[in-house]
Amino acid sequence: MDNATAQGTYVDHYASALWSIAGAEADPSAAADEIFRAAQGLSGHGELIETLGDPRIPGERKQGIVDDILSGHASKVTVAAMSLIVGVGQAKNLGAIASRVAELAADAEGEVVAEVRAPIELGAGQIERLTAALTTATGKRVQVKTVVDPSVIGGLVAKVGDTVLDGSVQHRFSELREQWG
Amino acid sequence: MNLAWTVILAQEAEQISEEGSSGAALLLPAPEELIAGIIAFVIVFAVAWKYALPALNATLEKRQAAVRTDLEAAEKAKVEAESLLVDYRAQVAGAKDEASDIVAEARDAGEAVKADIIARAEVEADQIRARAGEEIVSERERAASDLRRQVADLSINVAERVVGSTLDAEAQSDLVDRYIDELGGVQ
């Protein structure tokens, strides 16, 4: 088993564990959504993830940092879930685990996850229109999960399974780079 | 000289005759001795003529024949030697010609090799020059391409920063709406 396969296996195992925790809540979908948002929020800060993934820092200290950040902003279940992942040294896989949890939650409802990255928080109307557009585009029932990602610069990037629909300014600049390079 | 001796003998004879007939008798042999001497001489002469002379002649003839043979052999040897000398001179001359030919051939071969080496070196030099020229052109193009890429990267990086800083929330929202519309329009 190579490193990437091992990482994928870890992600699947921890995602299943978190989905089991969320499934025990009254609204599993909402709990999974909160876990997704919290994990993506932490993953968006490179230095924080670097620190949380540092093997020289004790697990208790890392879990303390997560508690400090999330307490008051997320449910106890979400805080405990994040603390668990960071405590077992999987901080660098937090984003991937969150995405997998969202997929499991969507799958339970017969939907697929559309992970949408945009530099701003999308409004409810935008999410609704985007859901409709993506559902029509992919032919599947789509559950949009948004992630605020400043590196997108403008526009948005939607990832549905292996399909990527990139309408970001960053993508336009990348195309320009390829043309000029 | 003989005249002097004759005179001397005559003077002696006159002196002797003057001294008396007894002196001359001392000099002249007795007739019987003279006859015996003549007979002995004839016998010796005859024996010599009969036996010694043929042997002497045979020896002389043998010697003459040997000398002739030697002379002939010497003459033959001389002829052979002259023939050999001629042959030797011819061989020497031939060898000199051959040596000259060999030297000339070697010189020609050397010149040919030299010309070949020079020609090959010129071809290689041309190839090296051509390759160097191509490499220079290639390097120049690569450098220009790198420069273009770097300028493009720098420009795009600056543009990204400028765009990122100038897009306010409303502009961001407009961009999102526009893309959602594009997605809807695609359907």
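1. Let me start with Ser168(A), which is buried at a relative accessible area of 0%; buried here means under 20% relative accessible area, exposed over 50% and partly exposed in between, with a 1.4 Å probe and protein chains only. Ser168(A) sits in strand β4 of chain A. Helices (H or I, at least four residues) and strands (E, at least two) are DSSP runs, numbered from the N terminus. Leaving out residues up to four places away in sequence, Ser168(A) touches Val152(A), Gly154(A), Gly155(A), Leu156(A) and Val157(A), a contact being heavy atoms within 4.5 Å.

2. A word on ground rules. This is a predicted model, in which local features need pLDDT of at least 70 and side-chain atom pairs count only at pLDDT 80 or more, while totals for chains, interfaces and linings use all residues. Residues are numbered from 1 along each chain as its sequence is written, chains are lettered from A and ligands numbered from 1 in the order in which they are written, and side-chain values use heavy atoms, with hydrogens and water left out.

3. Now the interface. Chain A brings 24 residues to the contact and chain B brings 25 residues. About 2000 Å² is buried between chain A and chain B, with carbon and sulfur atoms giving 67% of that; buried area is the accessible area (1.4 Å probe) that two parts lose on being put together, summed over both. Look at Phe173(A), Arg177(A) and Trp180(A): they supply 27% of the area that chain A buries against chain B, more than any other three residues.

4. What holds the two chains in polar terms? The rule finds nine residue pairs in polar contact across the interface of chain A and chain B, both residues at pLDDT 80 or more. A polar contact is a pair of N or O atoms within 3.5 Å; within protein, one must be able to donate a hydrogen and the other to accept it, and residues adjacent in sequence count only if both atoms are side-chain atoms. On chain A, the side that touches chain B draws at least two residues from each of α7 (124-138), β3 (155-160), β4 (163-168) and α8 (169-180). The most comes from α7(A), with seven residues. By type, that side of chain A divides into 14 nonpolar, six polar and four charged residues.

5. One to check is Asp177(B) with Arg129(A), where the closest N and O atoms are 2.6 Å apart. Another salt bridge pairs Glu160(B) with Arg177(A), at 3.4 Å between the closest N and O atoms. Glu160(B) lies in helix α3 (residues 31-166) of chain B and Arg177(A) in helix α8 of chain A, so this pair joins two chains. Glu160(B) is buried at 17%, whereas Arg177(A) is partly exposed at 24% relative accessibility.

6. Over all chains, the structure holds 17 salt bridges. Glu111(A) pairs with Arg141(A), the closest N and O atoms being 3.1 Å apart. Glu111(A) counts as buried, at 15% relative accessibility.

7. In chain B, Arg149(B) and Asp146(B) form a salt bridge with closest N and O atoms 2.6 Å apart. Being three residues apart in helix α3 of chain B, they are separated by about one helical turn. Arg149(B) is partly exposed at 34%, and Asp146(B) is partly exposed at 29%. Elsewhere, salt bridges that share partners link Asp33(A), Arg37(A), Glu121(A) and Lys145(A) into one network.

8. Finally, Asn93(A), in the loop between α5 (76-87) and α6 (94-108) of chain A. Is Asn93(A) buried or exposed? At 13% relative accessibility, Asn93(A) counts as buried. The side chains of Asn93(A) and Gln90(A) make a polar contact of 2.6 Å. Not counting residues up to four places away in sequence, Asn93(A) touches Gln7(A) and Val11(A).

Notes
Salt bridge = Lys/Arg side-chain N within 4 Å of Asp/Glu carboxyl O. Nonpolar A, V, L, I, M, F, W, Y, C, P; charged D, E, K, R; others polar.
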